Amino acid sequence: MFEAGGLPRAALTLQLGGYAGCVGAHWWNLQDAALPCSSEAQGQGLCPDVLHRAGRSPSGQETYTPRLILMDLKGGREPTGSRTVAVPGQDALGNLNTLPQEGCLYGDPKRDTSVAWQGNLITHQEDPPTRNLFLQDLSKLQGCLSSEGDLGPRAHALSKDGSPLPTQLHVSQKGRPLEGSVQVWSDYLRVRLHPRSTCMIRQYNYDGESCQLEAFGQGESLLHDPTYQEELEDRLHFYVEECDYLQGFQILCDLDNGFSGVGAKVTELLHDEYSGRGILTWGLTPVIQNTEVSGKDFYRLMNTVLGIVHLSSHSSLFCPLSLSGSLGLRPEAPVTLPYAHYEASLNYHSSAILATALDTLSVPYRLQSSPISMAQLADAFNVSGRKVVTAGAALPFPMAHDQSLPDALCNYQLAVPWALLSSCGEPKDSCCFGQAVVLRGIGKEKQSCNCPPGSQPKSALHACGTGEEVLECYLHAQFPETFSTSYLLQEPCKVSTPYPQFFSALLNTQGFLLDNPPRCSTALESIPVLTAVQSSPVLYSALCRLYKELQRVNLRRCASYFSAGVELSDFQEALHELRTLAQCYETSSVLGESEDEDSD
Amino acid sequence: MQIQHPTASLIAKVATAQDDITGDGTTSNVLIIGELLKQADLYISEGLHPRIVTEGFEAAKEKALEVLEKVKVTKEMDRETLVDVARTSLRTKVHAELADILTEAVVDAVLAIKKPNEPIDLYMVEIMEMKHKSETETALIKGLVLDHGARHPDMKKRVEDAYILTCNVSLEYEKTEVSSGFFYKNAEEREKLVKAERKFIEDRVNKIIDLKKRVCGDSDKGFIVINQKGIDPFSLDALAKEGIVALRRAKRRNMERLTLACGGIAMNSVDDLTPDCLGHAGLVYEYVLGEEKFTFVEKCDNPRSVTLLIRGPNKHTLTQIKDAVRDGLRAVKNAIEDGCVVAGAGALEVAIADALVKHKPNVKGRAQFGVQAFADALLIIPKVLAQNSGYDPQETLVKIQTEYSESGQLIGVDLNTGEPMMAAAAGVWDNYNVKKQLLHSCTVIASNILLVDEIMRAGMSSLKG
């Protein structure tokens, strides 16, 4: 009875920045779609309580919302100057656009409008921003649901009696791609948030030439401001206090803009205040596409590097996530995924891929019967200061519809099936210091080869009895000297609307490969996904590359960057730390190569 | 603030600085700088060099400060005066009914935390929001309000005459780094480790229970544990069985306030617990509002930290009151620290303007125009006061000036009638240091802006904004 394993080990999510918002929105949607519809899946699989909290709105309605704090700027679409006096609680601006800051769940139906002012009252009301078709459908569905049974749609998820929402939406959305009507992340956020979730930074905004949050120092100083600091502490306190067992924090943070500074401060605060908890930080960068190097790119590079150094030092584990080929000044071609033809310029697409990867990467500490917590996961990687890890994903996991898992893995004897999503370039050899691999979406019957007893198995993989053994055996063959842990889940990743439909036509509804494209294309419902978190030597060259690039930058040209709070000496120190960090990943095989690079 | 025009952003920065230093006078700042520039423009367009105008400004400022020193009223800062000062500040920010409630609250708050011969630390006034009822329910709690409650169903919701133990000790089972790892060798080993660690926590809980038994004995006194770290369900259960109410994860900033409010010492370990470490409160109760819980720690013997509980029907009202309360607290603090106040309602400005006009002949040359401009500019304050209350600014101004020169007393605008009134008699007092800061910063910035020939914008300006 002493064990905490029976109770969900809660984790708090923080989303810092616009792109983090995009990834987060997709991630919550994925989790929402995967909420168990019945109690049959109890005891195994993912536990939604790790990342969600149950609550009660003032009107007594039960709610089930993400345990989330998100920070974002205003601006993004509308000119803010035209704003008149909005109805309190309804001011929807910026990236939130149509999303009310307080969320709509906890709105008091009979809002107390009595005013203590005795004079005349004039009410100015701004028209709410237009919603796209998806949101209109969503609110229509929610409207009719809540009027029917006096229950919000989220109440269904809570009572686990099956949510009618996904299927109905899916039908109404088929063949109506959202790409055109999506501008900000709240345009495709399906879940509803708790009023304590959204924290808007009013000092800066997205558009306009002034007041952009574009330097690390600005972000850092933002949290020196007692108003934001107290607000953050209050929100953290609200979520943390109610958790019986808090396993840690997962932070999604933009790396390319000033939010890397916000993230650095936030992780520092968490590190000081909640020692012993895991802090998993995912540094996100959208796909970089410009061809010419401009001043903005220097800023981006410096933000990224300062972010990597500070975030990794205060977090238990730090993982850069991006579809960009490189985080350096000169962009490289974005990562290509064989069966997902995404549009690299659309954040809506690229963030969906990262969110799917995240949903699977985070499986180890989200399991119902979780043997490990975030802190333990981090500890396993943290050997000799290796706090940075890389992430890789095969999305979807390439497996033909009639194949079994051993068959599918046999095709990847030479190279691993996943592509790296950490902007580190291609690994030269498949050696790494440690890894946690998750494969999901493979049904029980496909996990092992059902060859008749007595016949000679085709390979060692085919000889294994269970899917877990197959995966373990495969990893052992690929990475003989690496400490690997692997997880196998039957539940796939459910990709229902508003998930972009960018998958190859060769996939069937469950995301398995077909030989020929089907005559009538059917919408994809779910995909199997394979991901890996690795502490890999490829980081040595990647971090060194950033270090060298920054050394070449003439820092005097970026005087304005240093006027925003970061001292030049601090920056030099950070550069030095980056080098130290890189050296943690040095292996004998890359030693010779690095000397070559130094000499030129 | 999002301001692109460089001049405007300069003025906005002065207002911010004014707020940082004195906590009040931001609007006056913007008004006076604007008016100084407007008055100067009259002369400059007639050919007067801006440099001469600024010389006049400088001379006028010196004189104005002299007048300020002369008319300031040094008196004992009793509650009545402080209430007057706070009211003057708050009535400009929220409507009268609410302002009067807040006035009393902020003055009592500051008086409670004030220690003789020590600077006042406003940080010791906790401001707590509650989205509930109407704004006029805002009140001062002589104690502390925490925005969380006990997390065990068996713990009492209301405890009277209670000992308070504030501590920063983890009472929750965490897997430490030593025992963590991907796998344990076998199940028994794991079980053993878990038990050993669990025992460690249990010992701590037992020490607290021992202390409770020692101090409470058979009496019906209550015992409250307020912990900055976590308390897990097993520990909560053990504490609840002994009739102890335990709150976990108190905010760091409340720990210091707690010991100030209830007495006692915040403990970092349970090894050396003595009854001396305990604080005391007359009443502790929980208040549930939707899914939020509040714990009131009240009736403390000699609270050195108090809480202003702000209530309001919506977020907007709460923010508005919070800002007003902050300003009110600052005003009271300023008054106590200055030891003097000056007459408000535009009376000071009228007096200074009058003195400047008289002083003008003593200034050499064309700089006299600068002095005149300064004098005229200051009159914007009574003018705006009159205008905002719906009277004719010029008519009111003339009335006040006449009254002032006839009586020689400090005369301000009565906002209810639009007639002149004796500011001091009506109890309209402003902070001395706010006015002083205003005179300084407005002159400097207006002079600076006047001396700028041309503004060029280049490069990435946003970082400097």
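Visitor: Is A:C47 buried or exposed?

Guide: A:C47 is buried, at a relative accessible area of 8%; buried means under 20%, exposed over 50% and partly exposed in between, with a 1.4 Å probe and protein chains only. The model is predicted, so local features need pLDDT of at least 70 and side-chain atom pairs pLDDT 80 or more, while totals for chains, interfaces and linings use all residues. Residues are numbered from 1 along each chain as its sequence is written, chains are lettered from A and ligands numbered from 1 in the order written, and side-chain values use heavy atoms, leaving out hydrogens and water.

Visitor: How many disulfides are there over all chains?

Guide: A disulfide is a pair of cysteine sulfur atoms within 2.5 Å. A search of the whole structure gives zero. For A:C47, the nearest cysteine sulfur belongs to A:C243 and is 12 Å away. In chain B, the sulfur of B:C340 is too far for a bond, because the closest cysteine sulfur, in B:C442, is 19 Å from it. B:C340 also counts as buried, at 2% relative accessibility.

Visitor: What is the strand order of the open sheet in chain A?

Guide: Strands of a sheet pair through backbone hydrogen bonds, either parallel or antiparallel. Here six strands follow the order β5-β4-β1-β6-β7-β8 in chain A, with parallel pairing. β5 (198–205) and β8 (317–322) of chain A are at the edges with a single partner strand each, so one side of each has no neighbour in the sheet. From one strand to the next, the twist averages 15°.

Visitor: How many bridges join β1 to β6 in chain A?

Guide: Two strands pair if DSSP finds at least two bridges; β1 (residues 10–16) and β6 (residues 246–254) of chain A have seven, and they run parallel. A:A11 stands opposite A:G248 in β6(A).

Visitor: Which strands of chain A does helix α1 lie across?

Guide: Helix α1 (residues 18–33) of chain A lies across β1, β4 (68–74), β6 and β7 (278–285) of chain A, at about 125° to β6(A). Helix α9 (residues 347–361) of chain A touches β6, β7 and β8 of chain A, and its direction makes about 150° with that of β8(A).

Visitor: How many residues does helix α2 of chain B have?

Guide: Helix α2 (residues 26–45) of chain B has 20 residues and reaches 29 Å between its first and last C-alpha, close to the 28 Å expected at 1.5 Å a residue. Its buried residues include B:I32, B:I33, B:L36 and B:L37. Among the elements covering the buried residues of α2(B) are α1 (6–22) and α3 (50–71) of chain B. B:G47, which follows α2(B), has a positive phi near 110°.

Definitions and conventions. Helix = DSSP H or I, 4+ residues; strand = E, 2+ residues; numbered from the N terminus. Expected span 1.5 Å × (residues − 1). Contact = heavy atoms within 4.5 Å. Axes fitted to C-alpha atoms, helices over the stretch in contact; angles between N-to-C directions.
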